[in-house]
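Please keep the sequence and the coordinates at hand while reading.

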Amino acid sequence: MPTFVYPTNRELEEIVQDLIPRLEEGRKLLALMPYTFRDTAQVEWEQEDNYYGLMAVRGINGQPGNVAKVGAKKYVMKPGYYGEFHQVDEDEMTEARELGTLGDTINLDQLIVRRMKHLMVRRFNRMEDTISKFLRLGIFQNYSDSGAAVHTDRFTVTSRTPGTLWSTAATSTPLADLRSWKASGEFGTSSRFGKDSTLLGTTQTINYLLNNTNAGDLGGKRLGGGNSINSVGDLNTVLAGNDLPQLDEYNETADGTNPLIPHGKLIWVGTRPNGQRLGEFIGTRNVNGGDSSNDGIYSKVVDNGDRAVPRQIQVHHGFNGGPAIYFPSAVQSLNVA
């Protein structure tokens, strides 16, 4: 009978680590909240309270006052447990033999790796979809195939809707709206929404700004030399001149149809004084990792071999974890169309 050769679980882990940078490249939502592993059973983080107050007058030869330390809030979230597998069945293994031979070695490396790449893409899509929901809505609810919500969490998100939707080119005021929301978002926080911040959305949504014809707003702005605004780069020049965010187009989709950031929505990501991350997607302890390096993710090949008929090989991949947002004040969700 033919011999089937495929990567061992340890070799598969090494292949996965090699594939991660290539499959993660260009994923802007994961760049906002990158994946990190913590060897804990829960998704946990702490957030120090804001600094407020006026320093007391001491007076010459006077004693300084004692200031109470700033408190901190601890957040704990039950992680989500995610995982899927691809199955290589008897028919596929039988047909996989070299043509014109009866018993040559069949190398399944490429087939196993292709299946694993598919599962990895689905993992990254799940993470980005969760991040998008979390930042836009302040809540995510991920459902099992049975329809039960098995992983959910929420935070209070700052949501903005203009008086006139930006899809109304003649009368909408995106420039004035952004100025107003910038001032509101920065008041009483250390988050900043100036030219170093980012507005992330689809090309269709960003085109609403590009197509604005309101002479009292973006439609009346001109570049140096009196040139009109004709590109996203031109728009960013105008916005930077007003100390407003830079537009960043993101059209990634998880299902081939619906963008991860829906049309008409924008995620405004502010900056922090020391460049701190907005948050992270925290991976938690995962016992399915076996004897391989456990980073909250498992990848393995399960072959029933001589234990069952028909023979089946399963390619498994999954992760435990969830999103943690460290600076809620640094994100604004815009509903503009």
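This is a predicted model: local features need pLDDT of at least 70, side-chain atom pairs count only at pLDDT 80 or more; totals for chains, interfaces and linings use all residues.

## A stacked aromatic pair

With a relative accessible area of 8%, tryptophan 45 is buried, because the limit for that class is under 20%.

Tryptophan 45 and tyrosine 75 form one that is stacked, with 5.4 Å from centre to centre and 15° between the planes. This pair links distant parts of the chain, since tryptophan 45 belongs to strand 3 (residues 43-48) and tyrosine 75 to strand 4 (residues 72-77), and the two are 30 residues apart. Together with Tyr326, Trp45 and Tyr75 form one aromatic cluster.

## The chain as a whole

The secondary structure of the chain comes to seven helices and 16 strands. Of its 337 residues, 44% count as buried. Among the contacts between residues at least 6 apart in sequence, 76% join residues that are at least 24 apart.

## Strand 12 and its partners

Strand 12 (residues 265-269) is largely enclosed by the rest of the structure, because four of its five residues are buried. Strand 10 (residues 198-201) runs antiparallel to strand 12 and is joined to it by three bridges, with leucine 199 standing opposite tryptophan 268 of strand 12. Strand 12 also pairs in the antiparallel sense with strand 16 (residues 331-335), here over five bridges, and in that pairing the bridge partner of lysine 265 is asparagine 335 in strand 16.

In helix 6 (residues 203-210), the residues Thr205, Ile206, Tyr208 and Leu209 are buried. Seen down the helix axis, the buried residues of helix 6 fall within an arc of 135°, so they line one face of the helix.

Asparagine 212 is found in the loop between helix 6 and helix 7, and at 6% relative accessibility it counts as buried. The side chain of asparagine 212 reaches the backbone oxygen of alanine 169 at 3.4 Å and the backbone nitrogen of asparagine 214 at 3.1 Å. When residues up to four places away in sequence are not counted, asparagine 212 touches Ala169, Ser172, Pro174, Asp217, Leu218 and Gly219.

In soluble globular proteins, nonpolar side chains tend to be buried together. In this model the largest nonpolar core has 50 residues, and those with the most contacts inside it are Leu29 and Leu135. Helix 4 contributes the largest share of this core, 11 residues. Apart from it lies another core, of 22 residues, among them Ile206, Tyr208, Val232 and Leu239.

Leucine 29 touches Glu128, Ile131, Ser132, Leu200, Tyr250, Leu260, Ile261 and Ile267, with residues up to four places away in sequence not counted.

## Histidine 317 and methionine 116

Which residues surround histidine 317, leaving aside its neighbours within four places in sequence? Histidine 317 is in contact with Val16, Gly83, Glu84, Met116, Leu119, Met120, Arg123, Ile297, Tyr298 and Ser299. Histidine 317 has its place in strand 15 (residues 313-325) and is buried, with a relative accessible area of 3%. A polar atom of its side chain lies 3.1 Å from the backbone oxygen of tyrosine 298, and the side chain of histidine 317 also makes a polar contact with the side chain of serine 299, at 2.8 Å.

Methionine 116, one of the residues in contact with histidine 317, lies in helix 4 (residues 109-137) and counts as buried at 0% relative accessibility. From C-alpha to C-alpha, methionine 116 and phenylalanine 85 are 8.6 Å apart in space, while 31 residues separate their positions in sequence.

How values were computed
Residues are numbered from 1 along each chain as its sequence is written. Side-chain values use heavy atoms; hydrogens and water are left out. Buried means under 20% relative accessible area, exposed over 50%, partly exposed in between (1.4 Å probe, protein chains only). Rings of Phe, Tyr and Trp (its six-membered ring) pair if their centres lie within 6.5 Å; planes under 30 degrees apart count as stacked, over 60 as edge-to-face and the rest as tilted. Two strands pair if DSSP finds at least two bridges between them. The arc is that of the directions from the helix axis to the C-beta atoms. A nonpolar core is a set of buried Ala, Val, Leu, Ile, Met, Phe, Trp, Tyr and Cys residues joined through side-chain atoms within 4.5 Å. Contact means heavy atoms within 4.5 Å. A polar contact is a pair of N or O atoms within 3.5 Å; within protein, one must be able to donate a hydrogen and the other to accept it, and residues adjacent in sequence count only if both atoms are side-chain atoms.
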